[in-house]
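The notes are meant to be read with the structure open, one topic at a time.

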Amino acid sequence: MAADRSTPRYSWLHDAISGNAEIVTASRRLTRDLIAAYDQQQIDAGRSAWRTPSIFFWQDWLARQLVTAADPAILPRRLDSVSSSILWERCLQRRMPDGLLSFGGIVRQAGQAWQRIQEWNLSLPTVLSSAVSQDERLFARAAADYQERLDGGNWVDGAGMATEVAKLIRGDGVSVASRLVLAGFDRLTPAVKKVTDALASAGCTVIVRPVPERGTVTMVAVYDQEIAELRAAGAWARDILQENPAARVAIVCQGLESRAAEISRLIREGLAPGWQYGDSRHHSAVNVSYGRRLSDYPAIAVALLILRWTRQGLSSRELSVLLRSRCVASNRLDGRCRFELKLRSHPDREWSPDAVLKIISNKDEAPDTGAFIELVQAVAGHASQAAEKMSPAESVSRIDGLLKSIRWPGETSLDSSEFQLVNRWRELLNEFARVESVIPQVSLSEAVQRVSAMAQDAIWQPESGAGIVQVLGTLEAAGMEFDRLWVSGMDAAQWPPVSRPSPFISLALQRKHDMPDATPADTLEFSKRVLSRLAGAADQCVLSWSRNREDSELSASSLLDDLDTTAYQGPEDPGWHALGLIGRDNTISHNDDVVPPVANDEHVAGGAYTVQRQFTDPFSAFASGRLGVRAPDPVSTGLSASMRGNIIHNALHNLLAGNPTQREMGNWTADETVRRIGSAVDSALAVHVANADLVLRRIIGIERGRLLLLLRDFIRQETQRSEFTVADVEKKVDYEKFGIRLGLRIDRIDRLADGRLLVIDYKTGSPKTFLNQDRELKDLQLMVYADALGEDIGGLLLINVDTREIGYRGAGGGWNEDEEEDWEDTFQSWRAAVHTTLESLAAGDARVNIEQSSGEGRPLNILSRLEEQKRV
């Protein structure tokens with residue numbers, strides 16, 4: 001498997017450059033690789049300085065000819081790609097029906113179809129006359145509109161440059177090189193041929209580099225699963241590089257544009273097992289040719305959220321992203337995290353900057369809270385100017401000014417990748433600033449929308465070195481040469497691929513002019529050409545395929561039958577590195593890591609619920625009550641179950657705040673009952689109404705109607721109970737026992753006819769009970785309340801308040817006609833259970849209840865290691 005570099009890469013390159021040839025490539029990646037290869041050749045030859053070689057990507061070479069023309073004034077002006085997209089958008093809008101979804105995708109497809117007809121030198125009348133379907137006719141008319149706008153503005157776009165350059169060359173309007181070498185072109189389009197014919201007529205010798213033939217040894221490898229195939233490719237590369245660290249190794253993969261991150265992770269798994277534990281060098285060892293959408297990078301995503309906030313509200317989830325991001329406002333998050341927790345207590349809605357300013361607390365003196373308030377105020381100021389018309393350049397200045405004012409992209413120093421990212425963002429803004437020729441005036445809102453769309457379309461990755469293994473797509477590898485090459489995904493589903501002719505050009509016209517993918521035969525022939533080129537691009541080439549991908553069974557591509565291959569001999573799939581760690585060491589329990597007892601000045605949070613946690617799972621009581629661990633409220637659409645529960649509790653509190661007797665409640669007239677219930681419900685809903693948008697107000701209106709019926713049924717059932725007086729509601733009690741101090745809040749306390757107390761707790765949602773089937777205590781909450789009151793307790797009662805029913809579950813007397821005969825003995829035994837539980841909490845008992853289910857233990861599993869302890 002050693003890579004001895006017996007065949008130098010690009011052996012033709014030195015002679016071409018020495019002969020003053022210009023080299024024109026089919027891709028920028030090949031351009032960079034040729035320049036790097038030439039530089040290495042000069043270094044190997046002992047030279048310390050040399051002239052920069054004339055190597056250009058095709059589109060860059062065309063643009064260079066236009067710039068260096070003898071009389072640039074006679075040439076049309078170059079129209080950049082952003083301006084071209086805007087022109088296409090306007091031409092299509094004129095022809096498309098209203099209300100069409102995914103308009104941006106149609107604009108891209110139209111641009112691709114236009115590129116195709118320019119590359120094949122087709123006239124617009126020909127395209128229109130051959131159109132059969134409605135889409136084809138619509139495109140042809142839109143293309144005519146687009147050409148008319150190009151002519152009217154004296155513009156040439158990227159697709160039309162080849163024609164203009166050919167005219168220049170034939171008219172002696174530009175000087176030409178004596179030799180020109182075309183490299184990496186799998187298919188020479190008529191537009192390219194038009195330029196090369198003009199060059200030949202002007203005396204230039206044009207050479208088309210053939211497919212490289214490096215005496216390749218070609219092997220075929222087969223795997224059961226795709227993940228095994230890619231891991232094996234990484235292991236293969238590692239084996240080669242261990243023998244020859246200087247070897248140029250590449251892996252070609254299918255679907256790289258949509259699965260770049262997944263593919264690179266799998267290859268790293270084989271190339272550098274355990275790379276997750278290494279530094280950035282292990283991560284960058286695999287250089288993937290395909291980047292990510294610019295809008296997917298966190299710093300850019302945050303910037304786009306801020307900009308979108310100037311034209312429309314943000315959801316609670318989007319606002320949470322801003323609150324947790326260090327890219328804006330401040331590097332600290334203390335106060336912002338507190339505000340996020342507060343935000344989560346509100347239903348999800350579209351939050352305008354003004355709505356956020358209403359609920360954010362000025363009392364929080366954390367510096368980052370003040371910085372975030374300034375951010376919201378800055379956004380609000382720009383939102384008020386969103387409709388103002390200005391030039392694109394001015395809109396870019398406003399956008400840049402807003403981001404600078406909120407300290408984007410953050411207060412910390414930028415590393416190399418972050419610095420490149422910010423520069424790419426500024427390039428994007430500059431690209432939009434140059435569209436003034438097609439959009440003289442634009443609102444800030446429209447500018448934000450267009451910049452956001454540009455960021456979603458732009459594919460980018462930072463320059464981070466070549467890496468030791470290159471991962472490429474099939475077309476990106478065109479013309480490149482390697483020491484070793486692995487081509488994955490050689491199954492029949494992908495080789496040859498499905499034909500994809502242009503949907504906007506008549507299929508008959510495409511077939512007549514032999515356009516790409518016009519026929520299955522063309523797709524097959526092109527696939528053979530590409531595979532032959534890949535197989536000849538290295539001294540040794542491995543072609544691999546897998547029998548299964550996801551849920552699909554696969555077979556080998558028939559294209560492999562045309563090649564002279566042998567069975568693969570090399571490293572196999574190494575599997576998952578992490579699996580090798582299982583069972584390597586025994587689980588160690590640190591018995592000396594004892595939880596300390598509760599200190600005299602220690603605050604235990606959670607009230608009676610912490611005591612209940614101690615009763616069922618001591619560790620969860622320790623984590624929540626003593627460490628303060630709690631899960632943030634989930635962002636909920638509409639009114640969540642917990643919000644509805646709080647509203648019901650507040651409404652019941654409001655209804656009984658005057659401590660009425662059972663008799664008084666029974667004497668309320670129908671009108672008085674309606675008035676009291678309405679007032680109680682409206683007061684409970686007021687805080688939510690104040691911060692609600694139109695949709696949420698309608699939801700709250702529905703909830704109000706439900707609550708009115710619910711409380712009416714509640715009063716009816718309360719008046720049927722034995723005589724009582726509401727003694728207190730939402731009563732706060734300080735409870736201290738065994739050195740533990742708890743702050744309690746009791747939903748309700750009734751005074752019974754015999755003077756004893758009935759302790760009541762409201763529950764919402766599904767019916768609950770605090771006793772099991774044997775009338776044994778399973779929930780200590782009510783009992784903790786009863787012990788804290790220190791008075792004669794006549795009974796305990798849970799009232800389940802729900803739309804389906806209002807149910808009473810209790811023990812003792814005062815809530816039904818009968819009282820349990822052994823109530824006092826039962827009460828004392830339950831009190832003892834509470835005391836025993838409190839003693840264990842005070843002593844530092846933090847055992848994990850391994851009998852609880854995985855679902856019950858999941859919220860704290862990362863701390864308790866419940867699942868690991870179950871396996872011990």
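Predicted model: local features only at pLDDT ≥ 70, side-chain atom pairs only at ≥ 80, totals over all residues.

Strand S21, made of residues 757-764, pairs with strand S22 in the parallel sense, while strand S20 and S21 run antiparallel. Elsewhere, the axes of helix H29 and helix H30 cross at roughly 95°.

- S20 and S21 form a hairpin with four residues between them, and glycine 755, which sits in the turn, has a positive phi of about 90°.
- S21 also pairs with strand S22, residues 793-801, in the parallel sense over eight bridges, and here isoleucine 760 has leucine 797 of S22 as its bridge partner.
- Seven of the eight residues of S21 are buried, so this strand is largely enclosed by the rest of the structure.
- S22 is joined in turn to S23 by seven bridges, and these two strands run antiparallel; glycine 795 has glycine 812 of S23 as its bridge partner.
- Strand S23, residues 806-812, has six of its seven residues buried, so S23 too is largely enclosed by the rest of the structure.
- In a regular strand the side chains alternate between the two faces of the sheet.

**Lysine 763, a residue of S21**

- Lysine 763 is found in strand S21, and its relative accessibility of 18% means that lysine 763 counts as buried, because the cut-off for buried is under 20%.
- When its neighbours within four places in sequence are left aside, lysine 763 is in contact with Lys768, Gln781, Leu798, Ile799, Asn800 and Val801.

**Salt bridges**

- The side chains of arginine 317 and aspartate 348 meet in a salt bridge, with a distance of 3.6 Å from N to O. Arginine 317 lies in helix H14 (residues 316-324) and aspartate 348 in the loop between helix H15 (334-343) and helix H16 (353-359), so the pair ties together parts that are 31 residues apart in sequence.
- Within this pair, arginine 317 is partly exposed, with a relative accessible area of 46%, whereas aspartate 348 is buried, with a relative accessible area of 17%.
- Arginine 324 and glutamate 340 also meet through their side chains in a salt bridge, at 3.0 Å from N to O; this pair links distant parts of the chain, with arginine 324 in helix H14 and glutamate 340 in helix H15, 16 residues apart.
- Arginine 324 is partly exposed, at a relative accessible area of 43%, whereas glutamate 340 is buried, at a relative accessible area of 6%.
- A further salt bridge is formed by the side chains of aspartate 750 and arginine 748, at 2.9 Å from N to O. Aspartate 750 counts as buried at 0% relative accessibility, and arginine 748 counts as buried at 0% relative accessibility.
- Salt bridges that share partners join Arg748 and Asp750 with Glu718 and Arg721 into one network.

**The contact of helices H29 and H30**

- Helix H29 (residues 781-789) and helix H30 (residues 823-843) have axes that come within 10 Å and cross at roughly 95°, which makes H29 roughly perpendicular to H30.
- On the side of H29 the contact is made by Met783, Val784, Ala786 and Asp787, and on the side of H30 by Phe827, Trp830, Arg831, Val834 and His835.
- Sorted by class, the contact of H29 with H30 has six nonpolar residues, one polar residue and two charged residues.

**Glutamine 65, a residue of helix H3**

- Glutamine 65 is found in helix H3, residues 58-67, and with a relative accessibility of 5% glutamine 65 counts as buried.
- Not counting residues up to four places away in sequence, glutamine 65 touches Val165, Leu168, Val174 and Ser175.
- The C-alpha atoms of glutamine 65 and aspartate 33 are separated by 23 Å, and these two residues are 32 residues apart along the chain.

Definitions and conventions: Residues numbered from 1 in each chain as written. Heavy atoms only, no water. Axes fitted to C-alpha atoms, helices over the stretch in contact; angles between N-to-C directions. Parallel < 35°, antiparallel > 145°, perpendicular 65-115°, else oblique. Contact = heavy atoms within 4.5 Å. Nonpolar A, V, L, I, M, F, W, Y, C, P; charged D, E, K, R; others polar. Salt bridge = Lys/Arg side-chain N within 4 Å of Asp/Glu carboxyl O. Buried < 20%, exposed > 50% of the residue type's maximum accessible area, 1.4 Å probe, protein only. Pairing = 2+ DSSP bridges.
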